[in-house]
Number of protein chains: 2
Amino acid sequence: MRQAAGIGVFDSGVGGLTVVRALTERLPREELVYLGDTARVPYGSKSAETVARYSRMAARFLVDRGVKMVVVACNTASAFALEALRAELPLPVLGAIEPGARAAVAATRTGRIGVIGTLGTVRSGSYPRAIAALDPALHVTARACPLLVPLAEEGWLDDEVAGAIARRYLGELQAEAPDVDVLVLGCTHYPLLRPLLSRVAREVFGHDVTLVDSAEAMADVAHAELERLGLLRDGEAVGALRCFVTDDARIDEVGHRFLGRHLGEITRVDL
Amino acid sequence: MRQAAGIGVFDSGVGGLTVVRALTERLPREELVYLGDTARVPYGSKSAETVARYSRMAARFLVDRGVKMVVVACNTASAFALEALRAELPLPVLGAIEPGARAAVAATRTGRIGVIGTLGTVRSGSYPRAIAALDPALHVTARACPLLVPLAEEGWLDDEVAGAIARRYLGELQAEAPDVDVLVLGCTHYPLLRPLLSRVAREVFGHDVTLVDSAEAMADVAHAELERLGLLRDGEAVGALRCFVTDDARIDEVGHRFLGRHLGEITRVDL
């Protein structure tokens, strides 16, 4: 019963659909249940207490749908609520920070890692802590980039405005840590800006910078964890995606940009 | 009792403090009670139904504090909830749209008015409707500018990024309506960007454009309405401001930019 219901994924809004996309590619047979808390988006500018409260409600919704695993797609929710969710929920809970940190540690040569994310994620110190736990000799510099989320949602992915914003944020990061060779995209919205960020990072740092997308790292960890627990779905059928949102304004219009296809049926729910 | 409690003002977040600032200047003796729904900010990208639900909860909170008037500072809340609030609440309710529309109609010479605001405000058609009700011969062109709110909150009020964003939005408005001579700042955040928008509007349109700030128009209407109802506060004492928020992350840091001074005591509440 539980196995049939698949993997539950929640996010503050539509950004987590980049994680759904990565899960669909890595685990095409799994059923996916997505919840976007679009009535209260964003989480990234709000306090730890508020984000933890919202995250609990979102995770409970997924558990009530009978999922076998909860994936916290949102980096801010992972930063402020993962420990509490793991303590409270009777199933595996996967966050965004640790898989991203692990991928960054594997990729760096200079030992200098940059992290960009929301105000909440950066303020939490979660990435520096997770990276230090893997290798205390590494240096981490984190920079909050509040304008990147609305930029991605506006769909201005690589124009004059996007270039000016990226140069400003990455320029500030470079001034503080010029030897960074790995940049963690610590927010589900940022993969949409990947070509821009990759190009501007090379310009600003004067050398190639490897971008780490937590979404792909999370899909790998989800696969490994389900395999370890013997919970991978059998059969050849492709898994379906069911989408729930707490507010439905522009959801399909913006959502398909993050998912890479239309979302299909979307159900509005109150938490 | 009710008179002592003063004027209640609510907004989706901190932007409404520009309205508080205008009320303080116009009505310095009045006590003010401000509620910023910072746990669910922004309203501008959300559906009519969600915005109306949140607005009702916010207005009820103010009514329970014993205020004599409710000012809906948020343009999106005014667009989606003003009628319902007026029908339900036993006191005068003042919105942002009608005062702004009236000021715009008084200011235009060409009969072409531009409006910028959130997605919700623009989608609602509230400004064109309010202006048509005053003078059906006028032409109104509205443009949603989702990046201006995060820009104002980031505090990048007049740099390269701000210039690029303003040129893009106002350029699109100009292409559609080149004779616009009045531009309504249809969002509480935009007064912070006034010098930038004024300069870029002159550049883009090739002539002076009068900017209409709803906050000032609302303060005038609030004064007239309290006077008409015999509810102006007596005495010489300066009124105090009490601030309530639903989430307290960065509230004083960002809030003082909108209010022009520090907010004093701030109380966190759940709605």
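**Note on a predicted two-chain model**

1. The copies meet through the same surface, because 100% of the interface residues of chain B are also interface residues in chain A. Two residues are taken to be in contact if their C-beta atoms, placed from the backbone, lie within 7 Å. The model is predicted: local features need pLDDT of at least 70 and side-chain atom pairs count only at pLDDT 80 or more, whereas totals for chains, interfaces and linings use all residues. Residues are numbered from 1 along each chain as its sequence is written, while chains are lettered from A and ligands numbered from 1 in the order in which they are written.

2. The contact between the chains takes 20 residues from chain B and 20 residues from chain A. On the side of chain B that touches chain A, helix 8 (148–154) and helix 9 (160–176) of chain B are the elements giving two or more residues. Helix 9 of chain B gives the most, with five residues. By type, this side of chain B divides into nine nonpolar, three polar and eight charged residues. Here Ala, Val, Leu, Ile, Met, Phe, Trp, Tyr, Cys and Pro count as nonpolar, Asp, Glu, Lys and Arg as charged, and the others, Gly among them, as polar. Helices (H or I, at least four residues) and strands (E, at least two) are DSSP runs, numbered from the N terminus.

3. Chain A is divided into domain 1 (2–95 + 216–268) and domain 2 (97–213), with bounds from an automatic or database domain assignment. Taken over C-alpha atoms, the centres of the two domains of chain A are separated by 23 Å. Their contact takes 26 residues from domain 1 of chain A and 24 residues from domain 2 of chain A. On the domain 1 side, helix 2 (17–26), helix 4 (75–88), helix 11 (214–228) and helix 12 (251–259) of chain A each supply at least two residues. The largest share of that side, five residues, comes from helix 4 of chain A.

4. In chain A, an open sheet of four strands has the order 6-5-7-8, with parallel pairing; two strands pair if DSSP finds at least two bridges between them. Strand 6 and strand 8 (210–213) of chain A stand at the edges with a single partner strand each, so one side of each is left without a neighbour in the sheet. Strand 5 of chain A is joined to strand 6 (residues 139–144) of chain A by six bridges, and Ile116(A) stands opposite Arg143(A) in strand 6. Five bridges join strand 5 to strand 7 (residues 182–186) of chain A, where Val184(A) is the bridge partner of Val115(A).

5. Strand 5 (residues 112–117) of chain A is largely enclosed by the rest of the structure, because five of its six residues are buried. A residue is buried if 20 or more other C-beta atoms, placed from the backbone, lie within 10 Å of its own. In chain B, helix 2 (residues 17–26) is mostly covered, with seven of its ten residues buried. Among the elements covering the buried residues of helix 2 of chain B are strand 1 (7–11) and helix 12 (251–259) of chain B.

How values were computed: Buried ≥ 20, exposed ≤ 12 C-beta atoms within 10 Å, placed from the backbone.
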